[in-house]
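Hello,

Here is the structure I said I would pass on. My notes on it follow below.

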Amino acid sequence: MASALRSLALPTRRALRPFSTVAPALSHIGRKVIIYPSEVEITHDLTPIKEPRIPSELDNTTLTIRGPLGVETLPIKPFVRLKINRDPDSGTGQLRVSIADREIKEQRAMWGTTQALVQNYVTGVSEGFRVPLRLEGVGYRATLEPSGEKLGLKLGYANPVELVVPEGIKATTPTPTKILLQGTDLQRVKLFAAKIRKYRKPEPYNQKGIFVGNETIKKKEGKKK
C-alpha cells in the first residue's frame with residue numbers, strides 16, 4: 001500500500017535554473033570602426049537639444065558630418081558615446097561608437113543603429129548614393145522640368161503624375177524610361193524611390209510597372225479558358 005501511495009505522489013519539482021551569468025551579446029555592427037577620408041569632417045556638439053523636431057530627440061546631442069557633396073546632421077542619444085580620432089599624417093579619421101550600459105536592451109539596439117547611420121552619412125557626403133528606376137510599359141515615360149524641381153510621369157492614367165523632387169535629392173532622366181535619383185541621405189533617396197514606385201507597382205502578368213534598381217518579378221501565367 002505504501003509503495004502504491006508513493007507511486008501516486010506528485011513528482012518533486014525540479015530545481016530552478018539560475019539566471020544566466022553570461023554577459024549580454026555585443027553589437028557586431030556597433031563595434032565596427034568607421035574610417036572616413038580626409039575630405040570628410042565630423043564634429044560632435046555636446047549641447048543637449050531642448051527644442052527638438054520630434055519628442056524622441058529631446059536632450060540628444062548633435063553629430064555633424066561634412067563632405068564634398070553636402071552636410072548631414074544626426075541626433076545622438078545621451079547614452080551613446082563617440083570617440084573621434086584623426087591621423088595627423090594622412091588625415092584619415094576614425095570614429096568608434098559605444099554605449100553607457102550594455103545590460104540595457106534599448107542601448108544595445110541603438111549601438112548598432114547609430115553606427116550604421118553614421119556610416120551611411122559618411123558614404124553619402126563623400127561618394128553619394130544612386131538609386132536607378134526603370135519604367136516598363138507601353139507609353140510609360142518620365143520627364144523632368146528644366147529646373148529639376150518637378151518630375152512628370154506618364155503611366156497610362158488619364159492625367160500625368162507630377163511629383164516635387166524633395167530637397168537634398170537630385171533627379172535626372174537619362175532616357176525617357178529611366179530615372180536616376182542621387183543624394184547624400186540613403187533613407188531619403190529610397191523613400192522617394194518608393195513613392196515613385198507606388199504609382200505603378202510591378203505586376204506579374206504583363207511585367208509592367210516601375211522597377212527600382214535591379215528589381216525583377218516572376219512572370220505569372222494568366223487564366224486559360
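Helices here are DSSP runs of H or I with at least four residues, numbered from the N terminus. By that rule Gln115 sits in helix 2, which covers residues 105-126. Please keep in mind that this is a predicted model.

Overall picture

The chain contains three helices and 13 strands. It has 225 residues, of which 29% count as buried. Taking contacts between residues at least 6 apart in sequence, 49% link residues at least 24 apart.

Gln115

Because its relative accessibility is 5%, and buried means under 20%, Gln115 counts as buried. A polar atom of the Gln115 side chain lies 3.4 Å from the backbone oxygen of Lys32. Lys32 is also among the residues that Gln115 touches once those up to four places away in sequence are set aside; the others are Ile29, Gly30, Ile34 and Val97.

Asp101

Asp101 belongs to the loop that runs between strand 6 (93-99) and helix 2. With a relative accessible area of 29%, Asp101 is partly exposed. Its side chain has a polar atom 2.9 Å from the backbone nitrogen of Glu103. Asp101 and Val80 are 21 residues apart along the chain, and their C-alpha atoms are separated by 9.3 Å.

Helix 3

Helix 3 takes in residues 186-197, twelve in total. From first C-alpha to last it reaches 16 Å, close to the 16 Å expected at 1.5 Å a residue. At its N-terminal end the cap is Asp185, with a side-chain oxygen 3.1 Å from the backbone nitrogen of Gln187.

Which residues of helix 3 are buried? They are Val189, Phe192, Ala193 and Ile196. These residues lie on the same side of helix 3, because they cover an arc of only 100 degrees around the axis. The face turned away from the buried side of helix 3 carries the exposed residues Gln187 and Leu191.

- strand 7 (129-136) and strand 9 (150-154)
- strand 10 (161-164) and strand 11 (169-175)
- strand 12 (178-183) and strand 13 (209-212)

Regards

Terms used
Residues are numbered from 1 along each chain as its sequence is written. This is a predicted model: local features need pLDDT of at least 70, side-chain atom pairs count only at pLDDT 80 or more; totals for chains, interfaces and linings use all residues. Side-chain values use heavy atoms; hydrogens and water are left out. Helices (H or I, at least four residues) and strands (E, at least two) are DSSP runs, numbered from the N terminus. The expected span of a helix is 1.5 Å times one less than its number of residues. Buried means under 20% relative accessible area, exposed over 50%, partly exposed in between (1.4 Å probe, protein chains only). The arc is that of the directions from the helix axis to the C-beta atoms. Contact means heavy atoms within 4.5 Å. A polar contact is a pair of N or O atoms within 3.5 Å; within protein, one must be able to donate a hydrogen and the other to accept it, and residues adjacent in sequence count only if both atoms are side-chain atoms.
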